[in-house]
Amino acid sequence: MINRVLTTSLLLFSLFVFSQTHLQKENLMSTAIKVKAQKFKENTNFYKAQNFFLQNNWDSTLVYSMKEINESRNKEILDYCHYFRAISFKEKKLLDESKKELNQISSGFPFSYKVKMKLGEIALSKNNFKLALQYFHETEKLTNKQLYDIKFSTVLHNIGLCYLHLENYEKAEEYLFKSAKRQEIEKDTVLLIGSYMDIATLYYQQYKDNQAIPYFEKAYRLSQKAKSLELKQNATLNMAVVEENRKNFPLALNYRKEYEKWKDSLNDQNKVWAIADLEKKFAIKQKQKEVDILEAENKIKAAERNGFLASSILLLILFGTGIYFYRQKIKKNRIILKQKNELDELNATKDKLFSIVSHDLRSSVNALKTSNGKLIENLKSKNFTELDTLLHTNSTIANSTYNLLDNLLNWALLQTKQSYFFKESLHLASIVQHVEYNYKPLMLSKNIGFKNEVAKSEYVFADTDSLKIIIRNFLDNAIKFSKENGLISIYTRTSTEEYCYLVIEDTGVGMSENTISDLLKDTMLLSKKENDDIIGTGLGLQLCKSMIYKNGGSLEIESKENVGTKIIIALQKFKNHG
Amino acid sequence: MDNINVLIIEDTVSESDALVKVLTDNNYNIVGIASTYNEALALFYNNVVDIVVIDVFLDGKPDGITFAETINIVPNSVKPFVFLTNSKDRQIFERAKLTKPFSFLMKPFNELEILYAMEMAVEKFYQQLNVFHSEDQNTVVSNDSLFIKKKKALKKVCIEDILYIEVEDRYCNIITETEKFVILISLTKIIELLDPMQFVRTHRNFIVNSNKILEIVLSDNLIVLKGNHHVTLSEKYKDVIGKFTVLK
């Protein structure tokens, strides 16, 4: 039973000693380390090692301190590194390794008392009590000031603990009390509980139950206030053992239960931690999965969206081109239809022209035929006076037929745009004279007077042949529609800057307003003239109109029935000449 | 005053006959009638020709144009051409147009038309448009001749034959060694068109062919020309003497 108690307290103490080391680490030592770290900043391994050391990351500390030891020759750094390693090993419960490292630290190390302390703690932990005692005593000899951040009470406590283990109870009692007193002053509850328990154990081992039990109870009561579950557990267990030994089983049972409770809660806490950890991991995994799924979904969605976009664009383009081609087709169709109508109209005009022309030709050739027949008869009968008139008739018919054919040819050339067209400066009076020259005999035979009063100074800008055709046709018409003894005069009106006005005036049958407007209409349709006994198709006038427009001129007609007609042709002037 | 020498290139005899009749009636001198391309070239180079009347189609081929093109290549040999044609075929016209300047006449034509076409050819060739039918001028000046319209037809005077020109209002008296006649042209225009090295102004009304000067009598303000013609030298124009290299 006693053994059990002892084991318990020992367990308690080893823990206790370590926790104390832990508590001490902040403050002076860490400040010193930080200062060193700043000083040796360029030694990255050292810097990292100290960083990890202060963060209690023991494994990394070991790795980097080892590297630093291999590289550095600086004694100070080496000492620190060994120290880091010693503490790390100790924390990792590799006590022998820790001891080796501590032994490698030189005597000049400013925290050598700490090294002693650690060595002592290690010896204590390894149950090498005499050695431990030796180290602790060495530490004890140092004054309070030299100890800096190590609590003197702890040293005393540890010495006491050593004596206790060596069963030197008097010494143990002395030191433990000293330690307890100091702790009471310092109000260090945690340490105090340990001290009380140790004192209790001291008495208990000497079977001084009456002295031991109050300390146990004190420890227990204090432990109620303390946060450490381990302390609570140990204190409660001690109480349970004590009560058991006192045969006070119900109370012992209670303590046991409480002990179990603390133990459980300690385990629970660990389990809770572990579970929380697991849950956390699980949650992370779950989240990761969700994230993965979401990512995958996003990818699919993006792909879908892109696909949709591409297909819609494609469709749009197709639709657009479709519409475009459709519209083109409609346009083409419209043009084709329009052209077809135009062609139909032109074809109709051509057919009509064809029939009229052939009719005219037929009648004039027929007239020639009959006239020639008469000519032969008259020649046989030697009727020479009749012969002369017949020949003149023939000549007239031939002339008009020639004119018709000429117009027809020019019309065809104009329509097919094959004819050569070249505008130049022309002396209007001369051109009129040239045309007039051919009609002189005809006018003479019809006894029509003619006057050419075109101003000699007029030069027009036109194509020679088309101008001649125009004048010829109008002169021809004037002669045709003139009565015997009529008068035809060609003259120029006062011209403007741009135009020269050529007037062809006759005293013939004239035209009605309707006829004039019909003639000036833009249509290509030809109409057979009312005046049926005179050969003509209206082709001449259409030809003239077209040619006047082509020469950049215009046409006007003034006419009164049975009084006469004035044909007024506006022609472009030749600019280089007045 | 001489008649104008005309070369006719025409393969249809009836047409060339008509042409010859019209032209001779109007005092033109026909130097020859060619009916083929080669004949035309031979006649052209062996005679003094002033105007060439060309039928575009010779024996159905546009040899008339080929002839004009051949002549066109030789520098200084080109003369005014009058093309005669039956058709207004655009392609032929475009080709003929390359032989600039270009005058043409559609068949059939009457007397007036052919005479007019000849006048136009001369006007266009010497780049003095609208001369023969205007009321203030009847003479085209070429580098070696004056083309003068007399009545219906053209005449020419060799510039080298002119002794001096006397101006009277809008007219100019042309005095050669053998004749004296009046042409219608302004003084400024004729001075502009004549070679200024050869023809010098000696008086407000006199232009003298310096090659014909025999003697300058400064004391009497007189210039004596060939054929004993006397021309006044006015004070204003005395410095023209400086132009001549005078032998002393």
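Reply: The model is predicted. In chain A, helix α6 (residues 95-104) packs on helix α7 (residues 112-125) at an angle of about 155 degrees, and their axes are 10 Å apart. An angle over 145 degrees counts as roughly antiparallel, and α6(A) and α7(A) are therefore roughly antiparallel to each other. The crossing of α6(A) past α7(A) is left-handed.

From α6(A), the residues that make the contact are L95(A), S98(A), K99(A) and L102(A). From α7(A), they are V115(A), K118(A), L119(A), I122(A) and S125(A). An α-helix has 3.6 residues a turn, so residues three or four places apart point the same way. By class, the contact of α6(A) with α7(A) has five nonpolar, two polar and two charged residues.

Helix α3 (residues 44-54) and helix α5 (residues 75-91) of chain A pack at an angle of about 35 degrees, with axes 11 Å apart. Here too the crossing, of α3(A) past α5(A), is left-handed. F46(A), A49(A) and F53(A) of α3(A) meet I77(A), C81(A) and F84(A) of α5(A). By class, this contact has six nonpolar residues, with no polar and no charged ones.

Chain A also touches chain B: 17 residues of chain A are in contact with twelve residues of chain B. On the chain A side, the elements that give two or more residues are β1 (423-427) and α17 (428-446). Of these, α17(A) gives the most, with six residues. By class, this side of chain A has five nonpolar, ten polar and two charged residues.

Within chain B, helix α3 (residues 63-73) has D63(B), G64(B), I65(B), F67(B), A68(B) and I71(B) buried. The cover over these buried residues of α3(B) includes the strands β2 (5-9), β4 (51-55) and β5 (81-85) and the helices α2 (37-46) and α4 (90-97), which belong to chain B.

Chain B also holds an open sheet of three strands in the order β15-β16-β17, with antiparallel pairing. Its edge strands are β15 (213-217) and β17 (229-232), and each pairs on one side only. The twist averages 25 degrees from one strand to the next. Four bridges join β15(B) to strand β16 (residues 222-225) of chain B in the antiparallel sense. In this pairing, V217(B) stands opposite L222(B) of β16(B).

How values were computed
Residues are numbered from 1 along each chain as its sequence is written. Chains are lettered from A and ligands numbered from 1 in the order in which they are written. This is a predicted model: local features need pLDDT of at least 70, side-chain atom pairs count only at pLDDT 80 or more; totals for chains, interfaces and linings use all residues. Two strands pair if DSSP finds at least two bridges between them. Axes are lines fitted to C-alpha atoms, for helices over the stretch in contact, and angles run from 0 to 180 degrees between N-to-C directions. Two residues are in contact if their C-beta atoms, placed from the backbone, lie within 7 Å. Ala, Val, Leu, Ile, Met, Phe, Trp, Tyr, Cys and Pro count as nonpolar, Asp, Glu, Lys and Arg as charged, and the others, Gly among them, as polar. A residue is buried if 20 or more other C-beta atoms lie within 10 Å of its own, exposed if 12 or fewer, and partly exposed in between; C-beta atoms are placed from the backbone. A crossing is left-handed if the near helix is turned anticlockwise from the far one by less than a right angle, and right-handed if clockwise. Angles under 35 degrees count as roughly parallel, over 145 as roughly antiparallel, 65 to 115 as roughly perpendicular and the rest as oblique.
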